[in-house]
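This report concerns selected local features of one protein model. The sequence and structure are shown first, and the description follows.

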Amino acid sequence: MNNVDYDKALYYTHRSQWDNLLILMVRTKDDFLSKKIEHFLHAYNFEHDYTEVEKQLYSLLRYIDHAVEEEPELEFLQ
């Protein structure tokens, strides 16, 4: 997978650029990243309970962290 997608997701989330995050969700080839972004954006726009928004945000950030850490091993094996 392309590390640029994870960098963009982190940047757009940090800068609250939800439109760009939505575009990234559609364009990325990483289905898990796409799903995490989808869940976060849905919670951000429709949940009244802030703890659910926070939960989805942390889930997205944990996945990005995990994917970036695992990426070098995948490149080495190919």
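Is S16 buried, partly exposed or exposed? In this predicted model, S16 is partly exposed, with a relative accessible area of 43%. S16 belongs to the loop that lies between α1 (3–14) and α2. Its phi is near 55 degrees, a positive value in a residue other than glycine. Most residues other than glycine have a negative phi.

**Packing of α2 and α3**

Two packed helices are described by the angle between their axes and the distance between the axes. For helix α2 (residues 18–27) and helix α3 (residues 31–46), the axes come within 9 Å and cross at roughly 145 degrees. The crossing of α2 past α3 is left-handed. On the α2 side the contact involves W18, L21, L22, L24 and M25, and these meet S34, I37, E38, F40, L41 and Y44 of α3. Classified by residue type, this contact has 9 nonpolar, 1 polar and 1 charged residues.

**Salt bridges**

Side chains of opposite charge can pair when their charged atoms come close. The structure holds 2 salt bridges, as listed below.

| Pair | Closest N to O distance |
|---|---|
| E38 and K35 | 3.3 Å |

E52 is partly exposed, with a relative accessible area of 23%.

Definitions and conventions: Residues numbered from 1 in each chain as written. Predicted model: local features only at pLDDT ≥ 70, side-chain atom pairs only at ≥ 80, totals over all residues. Heavy atoms only, no water. Axes fitted to C-alpha atoms, helices over the stretch in contact; angles between N-to-C directions. Helix = DSSP H or I, 4+ residues; strand = E, 2+ residues; numbered from the N terminus. Left-handed = near helix turned anticlockwise from the far one by under 90°. Contact = heavy atoms within 4.5 Å. Nonpolar A, V, L, I, M, F, W, Y, C, P; charged D, E, K, R; others polar. Buried < 20%, exposed > 50% of the residue type's maximum accessible area, 1.4 Å probe, protein only. Salt bridge = Lys/Arg side-chain N within 4 Å of Asp/Glu carboxyl O.
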